[in-house]
Amino acid sequence: GSSGSGTGGDISLTVGSGDDVGGSFTVNGAASSGNVGGNINLYAGSSAVASGGNIYLKPGAGSSSGSVYYVDPATSSNYGVISKSTLDFSGHSTASFSSTGTFDVSSSSITFTGGSGISMGDSYVHGFEKGSGTVGATYPTEVYLNTMTGKITSEVTNLAAGATDDITLHNDRITASSIVIITTGLSPGCKAMVYQTVPASTWVDISVTNFAGSACTGAYTLNFMVIN
């Protein structure tokens, strides 16, 4: 029933329990022989002054908790399941999640696995972890940057022709098996080029040589990316 000022009436439908198997509760939409089958609609209540009502789907408790299954009407096989720990639609060859705005997925760790590859859909990819630092800001010949990408400014400002500058980048994203890609950015008045990189656990040694016939006229910069 409705209420003009208090709480509307509830409807509770309960099936019997059993020592072996509890009773089931089934709601069927009407079949159609010539047009569209009947729908089953669940509508939560609206409110003129507060939040609208919610719809809750609660699987049963047990030695292992129940799940919510999606069943193929043609084959009666399960093609999707949602549980406390799983969102699995592997029973269907293709699944699409789309939004006209922003679609957010967040967790402490996210894994993407594609048996034949992962496509970015020819889209602009952004928001990479990045940072910047200057060699020697904490200790001589060393720089500390715990990011996957970044920009390094050299400590030396007049690297001589043919001379090599050895730098250690301390970075907890780096392992001994990491691929560390480093390129030269700014190279004022010279040709400072990365000669070699040797990664280890949490750091990488970088050697930069000036291949020009004259000394650098200022600090050079390096850009790096860590691939694990």
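## Around Ile167

Setting aside neighbours within four places in sequence, Ile167 touches Val135, Thr141, Val143, Val204, Asp205, Ile206, Tyr220 and Leu222, where contact means heavy atoms within 4.5 Å. This is a predicted model, in which local features need pLDDT of at least 70, side-chain atom pairs count only at pLDDT 80 or more, and totals for chains, interfaces and linings use all residues. Residues are numbered from 1 along each chain as its sequence is written, and side-chain values use heavy atoms, leaving out hydrogens and water.

## The largest nonpolar core

Ile167 is also among the residues with the most contacts inside the largest nonpolar core, which has 21 residues; others include Ile152, Leu169 and Phe224. Two or more residues each come from β7 (164–170), β8 (179–184), β10 (203–210) and β11 (221–227). Such a core is a set of buried (under 20% relative accessible area, 1.4 Å probe, protein chains only) Ala, Val, Leu, Ile, Met, Phe, Trp, Tyr and Cys residues joined through side-chain atoms within 4.5 Å. Strands are DSSP runs (E, at least two residues), numbered from the N terminus.

## Aromatic rings

How far apart are the ring centres of Tyr70 and Phe89? They lie 5.5 Å apart with planes at 45°, so the pair is tilted. Rings of Phe, Tyr and Trp (its six-membered ring) pair if their centres lie within 6.5 Å; planes under 30 degrees apart count as stacked, over 60 as edge-to-face and the rest as tilted. Tyr70 sits in strand β1, and Phe89 in the loop between β3 (87–88) and β4 (130–134). Ring pairs join Tyr70, Tyr79 and Phe89 into a cluster.

Key
Buried < 20%, exposed > 50% of the residue type's maximum accessible area, 1.4 Å probe, protein only. Helix = DSSP H or I, 4+ residues; strand = E, 2+ residues; numbered from the N terminus.
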